[in-house]
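Please keep the sequence and the 3D view at hand while reading.

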Amino acid sequence: MKNKFLIGAMTLMGIITSTTSCQKQPSACISKDKTSIEVGQTVKFTSCSTDADHIKWTFPDNQTSTTKEVNYTFNTSGNMTVKLEAFSKNKKKDDDASATITVKNVNDKFVGNYNSSEACASGNYTYIMSI
């Protein structure tokens, strides 16, 4: 009887240990379909994380998502950072990754005049240059 109790207790300890300590360290990874866009455009983000049971995206405006794939529309220009957190099943282990998207404002353009007196290209021209 004593041996059965001892074997049962050891088995239970083994089950508890195997479900809590054998979880792998997740590795966060971000895949994106664009790295540079204009204001109002959307980027598709995909988690390529490994050994993650839960994930959490955080966007520049503090919106969050917990889906593997998410489309996000950027409404402000600048270098925008998106963060991904990857968690183990019991959320005791985690990792994070970030991605930067360059968002350009279509109105950030320089308009000027150009005069040419070259033989083949004389005349006045208006040009637009993105900055």
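## Aromatic rings

Rings of Phe, Tyr and Trp, the last by its six-membered ring, are said to pair if their centres lie within 6.5 Å. The model examined here is a predicted one, and the structure holds six aromatic pairs. One of them is formed by Phe 45 and Trp 57, whose ring centres are 5.8 Å apart and whose planes make an angle of 50°, an arrangement that is called tilted. This pair links distant parts of the chain, since Phe 45 belongs to strand E3 whereas Trp 57 belongs to strand E4 (residues 54–58), 12 residues apart. Phe 45 has a relative accessibility of 0% and therefore counts as buried, and Trp 57, at 0% relative accessibility, counts as buried too.

A further pair is that of Phe 59 and Tyr 72, which is stacked because the ring centres are 4.3 Å apart and the planes lie at 5°. Here again distant parts of the chain are linked, with Phe 59 in the loop between E4 and strand E5 (64–65) and Tyr 72 in strand E6 (residues 69–73), 13 residues apart. Both Phe 59 and Tyr 72 are buried.

In what order do the five strands of the open sheet stand? The order is E2-E8-E7-E4-E5, and the pairing within this open sheet is mixed. E2 and E5 stand at the edges with a single partner strand each, so one side of each is left without a neighbour in the sheet. In general, the strands of a sheet pair through backbone hydrogen bonds, and they may do this in a parallel or an antiparallel way.

Strand E7 (residues 78–87) pairs with E8 in the antiparallel sense over 10 bridges, and Leu 84 stands opposite Ala 97 in E8. The hairpin of E7 and E8 has six residues between the strands, and in this hairpin Lys 91 takes a positive phi near 60°. E4 and E5 run antiparallel and are joined by two bridges, with Thr 58 opposite Thr 64 in E5.

## The disulfide

A disulfide is a covalent bond between the sulfur atoms of two cysteines. A search of the whole structure finds one disulfide, formed by Cys 29 and Cys 48, whose sulfur atoms are 1.9 Å apart. The link is left-handed, with -70° about the S-S bond. Cys 29 lies in the loop between helix H1 (2–20) and strand E1 (30–32), while Cys 48 lies in the loop between E3 and E4, so the pair ties together parts that are 19 residues apart in sequence. Cys 29, at 28% relative accessibility, counts as partly exposed, and Cys 48 also counts as partly exposed, at 32%.

## A threonine in strand E3

Is Thr 46 buried or exposed? With a relative accessibility of 18%, Thr 46 counts as buried, because buried means under 20%. Thr 46 is found in strand E3 (residues 42–47). Leaving aside residues up to four places away in sequence, Thr 46 touches Cys 29, Ile 30, Ser 31, Trp 57, Lys 68 and Glu 69.

Technical notes
Residues numbered from 1 in each chain as written. Predicted model: local features only at pLDDT ≥ 70, side-chain atom pairs only at ≥ 80, totals over all residues. Heavy atoms only, no water. Helix = DSSP H or I, 4+ residues; strand = E, 2+ residues; numbered from the N terminus. Buried < 20%, exposed > 50% of the residue type's maximum accessible area, 1.4 Å probe, protein only. Contact = heavy atoms within 4.5 Å. Phe/Tyr/Trp six-rings, centres within 6.5 Å; stacked < 30°, edge-to-face > 60°. Pairing = 2+ DSSP bridges. Disulfide = S-S within 2.5 Å.
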